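I opened my notebook and looked up a few things one by one. Here is what I wrote down, in the order I checked it.

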Amino acid sequence: MTKDELLALLRQEGCEMTLREKIHLTVLLSIPAIIAQFSFIAMQMIDAAMLGHLSTDEAAAVGLVSTTIWLFGGLTSAFASGFAVQVAHRVGAGDNKGARSVIRQGLLSGFIFACCMTAIGLSIAPYLPHWLGASEHICEEASRYFNIFCLGIPLIVLNGVAAGSLRCSGNIKVPSMLMVMMCVLDVIFNYVFIFMLHCGTAGAAYGTITAYFITMCCMVYAMAIKDRVLNFIQDEVLDFKPKLKILKKTFRIGFPIGLERGVTCTAQIAISSIIAPLGSIAIAANTFGINIESLCYMPGHGIAEAATTLVGQSKGAEKRNLMHSFAWICMALGVSIMAFMGLLMWLFAPEMFSIITPDQNVIALGTEILRIEAWAEPGFAAAIIASAVFVGAGKTLIPSLMNLGSIWIVRVTLTLLLAPTMGLRGVWIAMAIELCFRGTIFTLRLCTRKWSYIRDHSYLKKKQDYDNNKR
């Protein structure tokens, strides 16, 4: 059966899917997302390699503000998730018109939200590197890079709303292929701006934002004009005005995610401030190490996208057992793949670092920290997949609090204890221990059935039928 036939089977009332059909559908949705995630990380690694071959200081300047960029990116992603999950629920329930209405409200609200984020980012850009304790000679480059990123936030938000809506409707292939296209464009534009126009660190930001602009235009066109389920041409009235009911649900889903990602990134910023005094070699090794480690957990994020779609549509179809089946299928697949990727990372850590930078000191330190982190990949996979399952179910508050507690109580505390004596190695040991702990508590949460609660609408349906007959 094709992907669309299997999704139709998922939504069909009174129809049960076999285990083979569930696994088949999970794989079909995961593969394009995994390809897109790999290309995204390849893009980041190529960016890092381009900057790394200019100078260690320029790479350190980008690495210094990277956690703050993740903070802004996490908030924009949480905002888009609040609308995308509602799209999954409505498509699962067969309400495609309602799904399109949610998307239009998301686009307008997202643009307003993005403009506010841009204003905040531009206001703090001149001071941010100094707050993080960086040396004076990299502060100017770091501020310039962050300024350019902030100007592109509206593009990132609109692209996120459109891509998330397509994925949650079951169309993962198109946004995944467009993300691959964006990565190719990013490499091309970065080369032009960095090496041909000699823009240095700022060139990497210019190239990325240009690629995002082209991708955003294509993504919105694919969703609003070409997609069979979501295209706006089917609606006579295009209502973009946000409705209070939709915004409330968006807030209920997205706010815990945004709070968790915001506070988590704040913790990472605090950790960056601990790393900053260790010098440019430690900052560069940490930045490159995170980029390389991303190769391990990107398959997990790809499967997580499938998990959110499948669990979300199963909830819309009011099939609780199906929600649990897809949750555990995605969990098993994600943990297996990331454990294998962790093994590859441990074996080939020196070779991976040598591709990015010629600095032997950075390579030696980076190899050590990557081999520490490799042991934590299965636990990280469990946390990623379970979190995506809870997002699809619309139950985000408790998982967000679990993430916050794990990051602040376990990782930050251990980092403060280990970093003074072990340097960057202590930071990554703390990270590995925390990821294993987080994976354990998320797996325990998934074992319960509280997260999959579905409100009984039978009474409301009977009352509506009675009112219609009375009229």
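**Entry 1**

Does Arg425 count as buried, partly exposed or exposed, and at what relative accessibility? Before answering, I noted that this is a predicted model. I then found that Arg425 counts as partly exposed, because its relative accessibility is 33%, and the cut-off for buried is under 20%. I looked for a partner next, and the side chain of Arg425 meets that of Glu368 in a salt bridge, with 2.6 Å from N to O. Arg425 sits in helix H16 (residues 424-447) and Glu368 in helix H13 (residues 360-373), so this pair ties together parts that are 57 residues apart in sequence. Glu368 is partly exposed too, at 37% relative accessibility.

How many salt bridges does the count come to? I got seven, and I picked out some of them to look at.

One of them joins Arg100 and Asp235, whose side chains meet at 2.9 Å, N to O. I placed Arg100 in helix H4 (residues 96-124) and Asp235 in the loop between H9 and helix H10 (244-275), so the pair ties together parts that are 135 residues apart in sequence. Both Arg100 and Asp235 are buried.

Another one is formed by Arg167 and Glu305, with their closest N and O atoms 3.0 Å apart. Here too the pair links distant parts of the chain: Arg167 is in helix H7 (residues 153-168), Glu305 is in helix H11 (residues 280-316), and they are 138 residues apart. I checked the cover on each: Arg167 counts as buried at 16% relative accessibility, and Glu305 is buried at 18%.

**Entry 1: the cysteines**

How many disulfides does the count come to? I found zero. I wanted to see why for Cys150, and the reason is distance: its sulfur is 13 Å from the closest cysteine sulfur, in Cys115, which is too far for a bond. A disulfide would need the two sulfur atoms within 2.5 Å. Cys150 has a relative accessible area of 0%, so I wrote it down as buried. Cys436 is partly exposed, with a relative accessible area of 34%.

**Entry 2: a nonpolar patch**

Which residues form a nonpolar patch on the surface? My list reads Leu19, Ile23, Val27, Ile31, Ile35 and Met177, and together they have about 500 Å² of accessible area. I asked which element gives the most to the patch, and that is helix H2 (residues 19-52), with five residues. I took Ile31 as my example, which lies in helix H2. Ile31 counts as partly exposed, because its relative accessibility is 45%.

**Entry 3: a look inside**

Is Thr215 buried or exposed? I found Thr215 in helix H9 (residues 201-226), and its relative accessibility is 0%, so it counts as buried. I then asked what Thr215 touches. Leaving out residues up to four places away in sequence, its contacts are Asn159, Leu178, Met181 and Met182.

Conventions
Residues are numbered from 1 along each chain as its sequence is written. This is a predicted model: local features need pLDDT of at least 70, side-chain atom pairs count only at pLDDT 80 or more; totals for chains, interfaces and linings use all residues. Side-chain values use heavy atoms; hydrogens and water are left out. Patches are made of residues with over 30% relative accessible area and no salt bridge: like charges are joined within 9 Å, nonpolar side chains (Val, Leu, Ile, Met, Phe, Trp, Tyr) within 5 Å. Accessible areas come from the Shrake-Rupley method with a 1.4 Å probe; for residues, only the protein chains shown count as cover. A salt bridge is a side-chain nitrogen of Lys or Arg within 4 Å of a carboxyl oxygen of Asp or Glu. Helices (H or I, at least four residues) and strands (E, at least two) are DSSP runs, numbered from the N terminus. Buried means under 20% relative accessible area, exposed over 50%, partly exposed in between (1.4 Å probe, protein chains only). Contact means heavy atoms within 4.5 Å.
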